[in-house]
Amino acid sequence: MQTTSTTLVVIGGGPGGYIAAIRAAQLGVATILIEGDQLGGTCLNIGCIPSKALIHAAEEFEKAKHYAEGSALGIQVASPSIQIEQTVSWKNGIVKRLTTGVGALLKKNGAQVVKGWAQIIDGKTVAVMQDGQEVQRITCEHLLIASGSSAVELPFMPFGAGNGKVISSTEALSPNSIPKKLVVVGGGYIGLELGITYRKLGSEVAVVEAMDRILPAYDEELTKVVRNAMKQLGIEVHLGLSVQGLNADNTAVRLKNAAGEESELACDQVLVAVGRRPRTQGFGLESLLLDMNGRAVKIDDQCRTSMRNVWAIGDVTGEPMLAHRAMAQGEMVAEIIAGKRRHFSPASIPAVCFTDPELVVVGMSPQEAQAAGIVIITANFPFAANGRSMTLESSEGFVRVVARKDNHLILGWQAVGRSVSELSAGFGLCLEMGASLEDVAGTIHSHPTLGEAVQEAALRALGHALHI
């Protein structure tokens, strides 16, 4: 058995792990990344990228159907159809191109990739397992845990139950066919992104959520726009109901309301999307006896764990489980190990929900600012008054700004509408640069763009909006 020594071992080749390995290697740190599956982790293989590819395909198909029913644009098409096998193949091609690119970047920068499953022996030793056998042992000065997260299963309705009817988002992203009736369990962003996608691909979709509204992590003024759009698409939304499992012949999902009354919802397939949990088991992590924060590994503002020179980044450290957070943490840890002084203290971490319409939140919401005791001013600017939105046949939604009342420092941005995810970069930059309402209002924004709504929201907060 081969034994190797290095400076840094990274467990996990997802967005956090591979970025950490690339940056460490760029800085001259001898680095080995251990990955048992495909480079790119959940994000590139079964998460962000494939879901956005499928969402795009569904949007294009839905657009073609819309034209077939008669379009104000004068476009006419006849009887559009979709070959889902070809769609999945196209999506897989994007995933392969990106994951191959990650491998090339790691090699180009001098980071070594070892194929196999990591098994932690102690804080400075990791075994590499292949087919259950140890094939290599690596000792290191620094150990970085970037093991990611996994989808949460319902114990009474596990993935694969009902002769394969119960699926996770992983299976939902590679369908062999489109089910006639899809029940989505969970009204969070994963469930709604995929539920809307399947509806556009032709399924009858019903969403079941235990709470009293969809997207409970976002404020209600934003989610109302999404709820209205789902209604127009014909998606059923059932709130305040708990799922009990499949019925006896696996043809329906059993539900129970707060009064204890039971009902059933017919299904051909059930997508369970009730969240993700940090992946902390199955590779010896527990042997390190690290301090934990619930199910997540506890870290400080440099991503240090409670054990010296053992670091953790990304989903394994808990919420927010976002790829861009993991990337930023990975870059930072690599630089600290290389001797630079860094702390993880972003002004904000943008969160985007790729429903139709999209949601983006950056920084504080009005409720969060008020809860912090800050006196604020807020203003909305509706896309109904934005020329670019009209040319895109989409005037639903708005941009909202939150700022301090005393000095007009901007604390947060929220937006809901078509393609607003692209506004997140500007929102984040605005908060990192400490911009005021006057800074944004005084910046010339291109016309005609959705970004004009950002400037107008700032102008409206200052009391002199020009286009409303």
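Ser436 is buried in this predicted model, with a relative accessible area of 14%. Buried means under 20% relative accessible area, exposed over 50%, and partly exposed in between, with a 1.4 Å probe and protein chains only. Ser436 lies in the loop between α12 (424-432) and α13 (437-441). Helices (H or I, at least four residues) and strands (E, at least two) are DSSP runs, numbered from the N terminus. Beyond its neighbours within four places in sequence, Ser436 is in contact with Asn407, His408, Leu409 and Ile410. Contact means heavy atoms within 4.5 Å.

Residues are numbered from 1 along each chain as its sequence is written. Local features of the predicted model need pLDDT of at least 70, and side-chain atom pairs count only at pLDDT 80 or more, while totals for chains, interfaces and linings use all residues; side-chain values use heavy atoms, with hydrogens and water left out.

Val316 is also a loop residue, placed between β19 (310-312) and α9 (323-337). Val316 counts as buried, at 0% relative accessibility. Not counting residues up to four places away in sequence, Val316 touches Ile145, Ser147, Gly148, Pro278, Arg279, Thr280, Ala296 and Val297. The C-alpha atoms of Val316 and Leu409 are separated by 34 Å. Along the chain, these two residues are 93 residues apart.

Two strands pair if DSSP finds at least two bridges between them. β19 pairs with β6 in the parallel sense over 3 bridges. Here Leu143 has Val310 in β19 as its bridge partner. Strand β6 (residues 133-145) also pairs with strand β1 (residues 2-11), parallel over 9 bridges. Leu8 stands opposite His142 in β6. Strand β5 (residues 125-130) runs antiparallel to β6, and 6 bridges join them. Gln130 stands opposite Gln133 in β6. The hairpin of β5 and β6 has 2 residues between the strands, and Asp131 takes a positive phi near 55° there.

An open sheet is formed by 5 strands in the order β8-β15-β9-β10-β11, with parallel pairing. Its edge strands, β8 (166-167) and β11 (236-239), each pair on one side only. Strand β10 (residues 204-209) is joined to β11 by 4 bridges in the parallel sense. Ala206 stands opposite Glu236 in β11. Helix α7 (residues 189-201) packs on the sheet and touches β9 (181-185), β10 and β15 (269-272). The direction of α7 makes about 165° with that of β10. Axes are lines fitted to C-alpha atoms, for helices over the stretch in contact, and angles run from 0 to 180 degrees between N-to-C directions.

The structure holds 2 cavities of 30 Å³ or more. On a 1 Å grid over the protein atoms alone, a cavity is a set of points where a 1.4 Å probe fits but cannot get out; lining residues have an atom within 4 Å of a point. Grid points are joined across faces, edges and corners, and a volume is the space filled by probe spheres set on the points. The largest cavity has a volume of about 70 Å³. Its lining includes Ser168, Ile190, Val272 and Arg276. The second largest cavity has a volume of about 40 Å³. Among the residues that line the second largest cavity are Ile55, Glu193, Lys200 and Phe354. Helix α7 gives the largest share of this lining, 4 residues.

How values were computed. On a 1 Å grid over the protein atoms alone, a cavity is a set of points where a 1.4 Å probe fits but cannot get out, and a pocket is an open set with protein on both sides within 12 Å along at least five of seven lines; lining residues have an atom within 4 Å of a point.
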